[in-house]
Amino acid sequence: MTQIDATEAGIARLRPEERRHGATAWERQQRGLTLSLMALPMAVMAAVFVLPLIVLLWMSFGGGSSEGFSLKGYGDLMQPVYLRLLGFTLQLAFVTTLACALLAYPLAYLMVNIRSRFAAWMGMVLFVTLWLSFLARTFSWIIILQRRGVVNNLLVNTGLIDQPLELVYNKFGVYVGLIHILLPFMVITLIPAMKAIDPAYVRAALSLGSPPARVFREVYLPLSLPGLVAGSMLVFTLAFGFFITPAILGGGRAPTIVLAIRDQIQTLGNLQLAAATSMLLLVFCLGLLIIYDRVSGIDRIYDKGGR
Amino acid sequence: MTLTARTALLAAALPVLAAAPALAEAPEAFRGDGMLIVNNWGGPTVDRMHRLWYGNFPDETGIDISFTSIPDVAKLKIMDQVGNVEWDVVDFEGNQMLLAMKDDLLAPIDYDLIFQLVPEDQLDPSQMEEFGIGSVSFSTVIAWNAEEYGTAGPQDWTEFFDTEAFPGRRALYARPKPALEIALMADGVAPDEIYPIDIDRAFAALDKIGPKVDLWVEKTSQWDVLIQNREVDLMGSSLARTTAQIEEGEPFALTFNESIVEQSYWTIPKNAPNVEDAQKLVAWMMLAEGQRASLMDLPYYGMANLTALDGLPEATMAKLPGAPKNAENVMRINAQWWFDHDAEVQTRWLDWLSRQ
């Protein structure tokens with residue numbers, strides 16, 4: 001294979017007439033290529049993400065309704081019940097995210113750092129659950145947690161308790177179901193972030209005499225933070241909008257704001273109010289995004305971890 | 001289906017076919033081609049029921065039928081707005097039909113066509129509306145764990161909430177309709193005096209029964225799980241789901257007294273792809289034979305053709321909500337009242353439920 005002389009001198013020797021404008025021509029071509037490659041994804045993004053949002057915004061002000069434009073949707077939203085439902089839904093999403101982060105972090109750490117069949121199997125088990133329907137998994141939790149379910153039967157039959165515990169059809173059941181369903185999403189986002197951490201950093205810190213806890217706190221954790229932030233945002237957003245699992249496992253004791261949207265659409269046919277409520281959820285999620293941005297910098301999500 | 005049920009079905013269907021030879025062939029006005037999309041409540045049971053119901057309609061008329069689910073007014077409204085309605089026939093609940101009528105989404109039912117096929121006096125006049133004709137009525141009943149209470153379960157809603165006579169766990173639908181009606185009946189209001197609902201009184205009554213309800217049921221399919229696992233002892237549950245579980249051998253019993261009956265309607269979207277053929281199918285569904293065939297298979301619903309019950313065996317009649325004995329003291333949902341008050345009640349209900 002002949003050596004290609006790609007130095008500037010080499011290029012200059014090859015095409016002296018283009019050399020003076022070469023760099024700008026190259027840049028122009030690069031920009032053109034980027035734009036043409038971006039055109040299709042941008043168009044798809046606009047069509048399937050931006051456009052529906054604009055339609056939703058338009059509907060929340062009464063667009064498409066027989067009564068015409070008004071602030072009625074947002075006015076109806078200012079009732080204590082919606083604020084209470086929103087508050088509970090926020091709490092639900094927050095606690096679920098926190099629990100998922102605490103559970104997923106060690107799990108992902110093990111899967112990345114312990115290269116064994118066990119880790120591979122753990123990954124398989126975790127991701128297979130993603131293929132099953134939410135509804136099937138929700139009902140499975142009922143079978144496990146109900147009064148005559150697996151857990152209660154075990155506890156009662158071994159004499160540990162006299163009366164079956166109330167494990168489902170309350171908020172506890174909702175948390176169990178939600179955390180189980182959303183945990184894989186957190187693990188999936190944590191794994192690549194942790195894989196990208198160069199083990200040399202950890203070794204270097206250790207060899208310089210830093211205690212392991214401090215190495216974790218000051219080297220490993222900050223480097224894995226982008227993954228944790230991305231995973232938390234994903235889980236929080238999913239938990240915020242989850243509806244069927246809280247409705248079934250909650251036994252009516254965990255009504256979420258999404259449940260209200262369902263009723264607004266299906267029972268009341270009030271698309272304006274439903275759109276306004278959805279916009280409220282959107283604003284909260286965007287607000288969260290901005291806070292994350294201030295705290296850790298949104299672009300760090302796209303960092304390649306430890307580089 | 002068991003062999004005995006199949007034999008019974010044949011036995012019931014044969015004399016009918018012999019008695020009505022004119023119906024063996026569809027009149028000229030019913031011929032057509034193409035495909036009708038029927039939007040129903042989904043699931044293999046409903047599809048099977050509807051297939052038995054329309055019977056030989058495709059063969060007789062040349063019009064094919066396919067099913068989609070689930071009836072949703074908001075979806076129809078949006079399909080209508082963008083000019084692409086996919087459904088030809090929709091099985092709407094009463095207040096869904098009113099909601100669709102408000103937005104002018106429905107075509108009037110062609111009663112002339114129906115009467116060409118079915119004598120007017122066979123049809124229940126209370127189920128004949130301008131924009132819909134009765135599909136099924138479905139019931140919410142008082143049911144109980146027979147291992148706990150034998151046949152002596154609560155016979156009305158007041159007894160249902162009597163925690164001394166019936167200590168145990170209770171479940172109701174997590175919806176204001178029929179929770180408000182149930183609360184009022186538990187408070188001593190007679191089934192035929194519920195409407196117009198005194199909303200304040202209803203919520204005061206709900207405050208009394210609320211603490212006695214151990215779980216609120218979101219999806220109808222939950223009843224199966226609750227029954228099979230004896231999670232609750234007393235339920236205001238779906239008649240169809242409960243009867244099906246009893247037939248499977250689950251030790252549950254129910255009463256039709258103070259049961260809550262809600263009417264659904266066959267409706268035709270105004271801008272459906274094939275309104276004309278849809279009218280033919282709706283008319284065909286009013287035939288007693290088809291309704292009887294579907295009742296023989298799934299004896300859980302009420303039907304619009306009053307003669308559909310003729311000649312049904314005792315055992316089937318005992319299960320049917322439309323049988324005269326079972327329909328004696330029932331509460332019928334007033335769809336118009338709910339249509340007028342849904343917005344107000346729904347918000348208050350969510351408020352109430354979120355404080356439980």
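Let's start at the contact between two helices. V81(A), R84(A), L85(A) and F88(A), in α4(A), meet T347(B), L350(B), D351(B) and S354(B), in α16(B). By class, that contact of α4(A) with α16(B) has 4 nonpolar, 2 polar and 2 charged residues. Keep in mind that this is a predicted model.

Now the geometry of that pair. The crossing of α4(A) past α16(B) is left-handed.

Step back to the whole interface. How many residues of chain A are in contact with chain B? The count is 27 residues of chain A, against 24 residues of chain B. Which elements of chain A each supply at least two residues of the side that touches chain B? They are α4, α6 (134-145), α11 (244-249) and α12 (257-266). The residues on that side of chain A divide into 13 nonpolar, 9 polar and 5 charged.

The buried residues are I257(A), V258(A), L259(A), A260(A), I261(A), D263(A), Q264(A) and I265(A). Note that D263(A) and Q264(A) are in that buried list.

Chain A overall, quickly. Its secondary structure comes to 13 helices and 0 strands. Chain A has 307 residues, and 30% of them count as buried. What about contact range? Take contacts in chain A between residues at least 6 apart in sequence. Of those, 73% join residues at least 24 apart.

Over to chain B. Begin with helix α2(B), residues 44-54. Which of its residues are buried? M49(B), H50(B), W53(B) and Y54(B) are. Look down the axis of α2(B): the buried residues fall within an arc of 120 degrees, so they line one face of the helix. What covers them? The cover includes two strands of chain B, β1 (35-40) and β2 (64-69). It also includes the chain B helices α3 (57-61), α13 (275-284) and α14 (288-297). After α2(B) comes G55(B), with a positive phi near 55 degrees.

Is S238(B) buried or exposed? Buried, because 23 other C-beta atoms lie within 10 Å, and the cut-off for buried is 20 or more. Leave aside its neighbours within four places in sequence, and S238(B) is in contact with T140(B), T220(B) and W223(B). For a sense of distance, take W144(B). S238(B) and W144(B) are 94 residues apart in sequence, yet 12 Å apart in space, C-alpha to C-alpha.

Now the backbone details, still in chain B. Cis peptides come up here. A cis bond joins S69(B) and I70(B), with omega about 5 degrees. I70(B) lies in the loop between β2 and α4 (73-81) of chain B. Mind the label: this α4 belongs to chain B. Then there is the peptide bond from Y195(B) to P196(B), also cis, with omega near -5 degrees. P196(B) is found in the loop between α9 (176-186) and α10 (199-209) of chain B.

Last topic: positive phi in residues other than glycine. Take D104(B), where phi is near 55 degrees. Where does D104(B) lie? In the loop between α5 (94-102) and β4 (106-107) of chain B. D104(B) counts as exposed, because it has 11 C-beta neighbours inside 10 Å and the limit for exposed is 12 or fewer.

Then R230(B). Its phi is near 50 degrees, again a positive value in a residue other than glycine. R230(B) lies in the loop between α11 (222-228) and β9 of chain B. How exposed is R230(B)? It has 17 C-beta neighbours inside 10 Å, so it counts as partly exposed.

Methods: Residues numbered from 1 in each chain as written. Chains lettered and ligands numbered in written order. Predicted model: local features only at pLDDT ≥ 70, side-chain atom pairs only at ≥ 80, totals over all residues. Helix = DSSP H or I, 4+ residues; strand = E, 2+ residues; numbered from the N terminus. Contact = placed C-beta atoms within 7 Å. Left-handed = near helix turned anticlockwise from the far one by under 90°. Nonpolar A, V, L, I, M, F, W, Y, C, P; charged D, E, K, R; others polar. Arc of directions from axis to C-beta.
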